[in-house]
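Have a look at it below, then read on.

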Amino acid sequence: MRIVLLGPPGAGKGTQAVMLSEKLGFLHLSTGDILRENVKRGTDIGKKAKAFMEKGELVPDDIVIQMMLDTIKSSGKKNDFILDGFPRTVYQAKKIDAELKKLKLAVDIVFYFKTSISTVIKRLTGRRLCPKCGANYHIVNMPPKKQGICDKCGVELYQRKDDSEETIEKRLEVYENQTKELIDYYSAQGILKELSGDLDAKEVYKQLAAILA
Ligand SMILES: [Zn+2]
């Protein structure tokens, strides 16, 4: 099963992707993790990406897509993966579809986590991240064992600059404009399922697992 998780920042996509990969053995593909991994390992494509990042520029779509595909191909799990927060645009979705088609694969199901602004604000303002492994925490919902410290690495957690209330509303607006077409694109294929991202993570997982079963 090839799954895409769509939803605004703070919708809980990452949490669900981790649960699905741990419980059902899916390969979890998150652009942030894959970029970090390629840069860290110094792969050819990681070096290309790094050059953009050092200039403070966004890594171009084609590089990101190539990294995702390389990861899928080398994982041995090309039949069971989750794209977490990617694609973000119809352009990216079409490219992914075309590349998967070459492997005789397709996206089977897209879960859209419809989430209210108040939920997103609550989640993002409490979010803390590990600079080393990228793990996500939340000061209320998912606190680390020791306050402000990553459970796995023991390093100090940080808050993303754009996880402040003022910038969140702007980010949501950008997200919604960007994904409107993407939702139509998948919905026209009859593979879009809408879930409430406002629910508790366990409840969302229960619904996801029921649909997948
Ligand atoms: Zn860590």
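## R171 and its contacts

Let's start with R171, which is in contact with P9, L124, R127, R160, D162 and D163, leaving aside its neighbours within four places in sequence. Contact here means heavy atoms within 4.5 Å. You'll find R171 in helix α7, which covers residues 165–188. Helices (H or I, at least four residues) and strands (E, at least two) are DSSP runs, numbered from the N terminus. With a relative accessible area of 17%, R171 is buried. On this scale buried is under 20% relative accessible area, exposed is over 50%, and partly exposed is in between, using a 1.4 Å probe and protein chains only. G148 is 23 residues from R171 in sequence and 25 Å from it in space, C-alpha to C-alpha.

Before going further, a word on where this comes from: it is a predicted model, in which local features need pLDDT of at least 70, side-chain atom pairs count only at pLDDT 80 or more, and totals for chains, interfaces and linings use all residues. Residues are numbered from 1 along each chain as its sequence is written, and side-chain values use heavy atoms, with hydrogens and water left out.

## Y175, also in helix α7

Y175 is found in helix α7 as well. Is Y175 buried or exposed? At 7% relative accessibility, Y175 counts as buried. Not counting residues up to four places away in sequence, Y175 touches L6, G7, P8 and P9. P9 and Y175 are 166 residues apart in sequence, yet their C-alpha atoms are 8.3 Å apart in space.

## The zinc site

Which residues hold the zinc ion? Its protein donors are C130, C133, C150 and C153, each through its SG atom, lying 2.3 to 2.4 Å from the ion. Donors are N, O and S atoms within 2.8 Å of the metal (3.2 Å for Na, K and Ca); water is not among the atoms, so sites may look incomplete. Along the chain, the zinc donors follow the spacing C-x2-C-x16-C-x2-C. C130 sits in the loop between β5 (127–129) and β6 (136–138), while C150 sits in the loop between β6 and α7, so this pair ties together parts that are 20 residues apart in sequence.

The site is tetrahedral, with angles of 104 to 114 degrees among the four donor atoms. For four donors, that label requires all angles to lie between 85 and 135 degrees. C130 is buried, at a relative accessible area of 2%, and C150 is buried with a value of 2%.

## The second largest pocket

Zinc donor C133 turns up again here: the second largest pocket is lined by D33, R36, E37, K40, K132 and C133. A pocket is found on a 1 Å grid over the protein atoms alone, as an open set of points where a 1.4 Å probe fits, with protein on both sides within 12 Å along at least five of seven lines; lining residues have an atom within 4 Å of a point. By class, this lining has one nonpolar, no polar and five charged residues. Ala, Val, Leu, Ile, Met, Phe, Trp, Tyr, Cys and Pro count as nonpolar, Asp, Glu, Lys and Arg as charged, and the others, Gly among them, as polar. The volume is about 180 Å³; grid points are joined across faces, edges and corners, and a volume is the space filled by probe spheres set on the points.

L5 belongs to strand β1, residues 2–6, and is buried, with a relative accessible area of 0%. Leaving aside neighbours within four places in sequence, its contacts include K13, Q16, I82, L83, F86 and F111.

T15 is in helix α1, residues 13–24. With a relative accessible area of 30%, T15 is partly exposed. Beyond neighbours within four places in sequence, T15 is in contact with M142 and A201.

## Backbone details

The peptide bond from F86 to P87 is cis, with omega near 0 degrees. P87 lies in the loop between β3 (81–84) and α5 (90–102).

K104 has a positive phi of about 60 degrees, although it is not a glycine. K104 is in the loop between α5 and β4 (109–114), and it counts as exposed at 76% relative accessibility.

Terms used:
Four donors count as tetrahedral if all angles lie between 85 and 135 degrees; four count as square planar and six as octahedral if opposite donors are over 155 degrees apart and all others between 65 and 115; anything else is irregular.
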